[in-house]
Amino acid sequence: SKMELNYIKSGNGFFKYEDQTISAKPGDIFLIQPNALHAIMSDEHSSFFYDTIVFHQNMLVGSYDDRCYTDILLPIFSSRRRVLVPVSQETPGYHELHDSVRTIMQCAHKNLATSDLLLKSELLRLFYLLASTPGLCTEHPADRNTSACSHLYTETSFRICYHRAAGKDRSYEQQLLYELFQTEFRSRSH
C-alpha cells in the first residue's frame with residue numbers, strides 16, 4: 001500500500017479527491033491514502049507547483065505485531081482512519097505538520113542514504129502528529145469501493161517528483177486524469 005504526500009509550493013489550483021473538488025493554495029498539505037482517486041490541476045490563469053513523494057508502508061514498519069503499526073499506521077494505510085484533506089494553515093497543529101512535511105521534502109530532494117534515515121523518522125513524526133492532533137483523522141468504514149482509476153500511476157519510493165499541472169510537462173497519466181476531470185475544473189474556474 002502506497003501513500004502520496006503532496007506539498008503545494010506556489011500558485012493556485014484545485015485538488016480532486018474522490019468526490020470532492022478542493023481549492024489548493026501554497027502551504028497546503030495533501031496526504032493521499034492508498035486507492036484514493038485524485039488529481040491536482042492548476043487554475044487556468046497561473047502556474048502551479050508542488051512536490052510529491054510516494055512511499056510504501058513497509059518503509060515504516062518494524063514488525064507487523066508492533067502496536068504503532070496495528071493501532072496507528074495500519075488504520076491509516078487501510079483507510080479505516082481517514083486523514084483530513086487538505087491540511088491548511090487554519091488546521092489545528094498546522095505549523096508542526098508543515099515543518100515535518102518540509103523536512104520530508106528536503107530529505108527526498110537530497111536522495112541520499114543518510115537523508116533517508118531522517119526521512120523515515122520524519123514520516124513517523126508526521127503520522128504521530130496526525131494521530132495525536134484532534135480532528136485530523138476520522139474513523140471510516142472499511143468497505144470502500146476502489147476504482148481502477150486509482151491505480152493509473154505509480155512512482156518509485158524516495159524519488160521526488162516535480163509536477164507542473166499545466167502545459168506540456170504533463171505526464172501521460174496526468175493527461176488522462178486531466179481529461180477525466182477537465183469539465184469540472186473548467187466550470188469551477190469560471
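My entries follow in the order I looked things up.

**Entry 1: overall layout**

I note first that this is a predicted model. I went through the secondary structure and found four helices and nine strands in the chain. Reading from the N terminus, I get the order β-β-β-β-β-β-α-β-α-α-β-β-α. I then looked up burial: 47% of the 190 residues are buried. The accessible surface of the chain is about 9800 Å². Carbon and sulfur atoms account for 52% of that surface. I also checked contact range. Taking contacts between residues at least 6 apart in sequence, 73% join residues at least 24 apart.

**Entry 2: the largest nonpolar core**

Which residues touch the most other members of the largest nonpolar core? I found Leu5, Phe55, Phe127 and Leu130, in a core of 31 residues. H2 gives the most, with seven residues.

I followed up on Phe127. Leaving out residues up to four places away in sequence, I find Phe127 touching Met3, Leu31, Phe55, Leu60, Ile72, Leu73, Ile76 and Phe77. Phe55, one of these contacts, is also on the list of residues that touch the most other core members.

There is a second, separate core. I count twelve residues there, including Phe15, Ile22, Ile32 and Tyr50.

**Entry 3: helix H2**

I checked the length of H2 against expectation. At 1.5 Å a residue, its 17 residues should span 24 Å. The end C-alpha atoms are 24 Å apart, so the two values agree.

Which residues of H2 are buried? I listed Tyr94, Leu97, His98, Ser100, Val101, Ile104, Met105, Cys107 and Ala108. Their cover includes E1, E4, E6 and H3. Just after H2, I found Asn111 with a positive phi of about 55 degrees.

**Entry 4: strands E1 and E6**

I looked at E6 and found it mostly covered, with six of its eight residues buried. E1 and E6 pair in the antiparallel sense, and I read eight bridges between them. I traced one of the partners: Lys2 bridges to His56 in E6. Both E1 and E6 are among the elements that cover the buried residues of H2.

Where is Pro86 placed? I located Pro86 in the loop between strand E7 (81-83) and H2. The peptide bond joining Val85 and Pro86 is cis, with omega about -10 degrees.

Next came positive phi in residues other than glycine. Glu18 has phi near 50 degrees. I placed Glu18 in the loop between strand E2 (13-17) and strand E3 (20-24). Ser79 has phi near 65 degrees. That residue, Ser79, lies in the loop between H1 and E7.

Is each of these two buried or partly exposed? Glu18 has a relative accessible area of 26%, so I put Glu18 down as partly exposed. Ser79 comes out at 2% relative accessibility, so I put Ser79 down as buried. The cut-off I used for buried is under 20% relative accessible area.

Definitions and conventions
Residues numbered from 1 in each chain as written. Predicted model: local features only at pLDDT ≥ 70, side-chain atom pairs only at ≥ 80, totals over all residues. Heavy atoms only, no water. Core = buried A, V, L, I, M, F, W, Y, C linked by side-chain atoms within 4.5 Å. Buried < 20%, exposed > 50% of the residue type's maximum accessible area, 1.4 Å probe, protein only. Helix = DSSP H or I, 4+ residues; strand = E, 2+ residues; numbered from the N terminus. Contact = heavy atoms within 4.5 Å. Areas by Shrake-Rupley, 256 points an atom, 1.4 Å probe, with all protein chains shown as cover. Expected span 1.5 Å × (residues − 1). Pairing = 2+ DSSP bridges.
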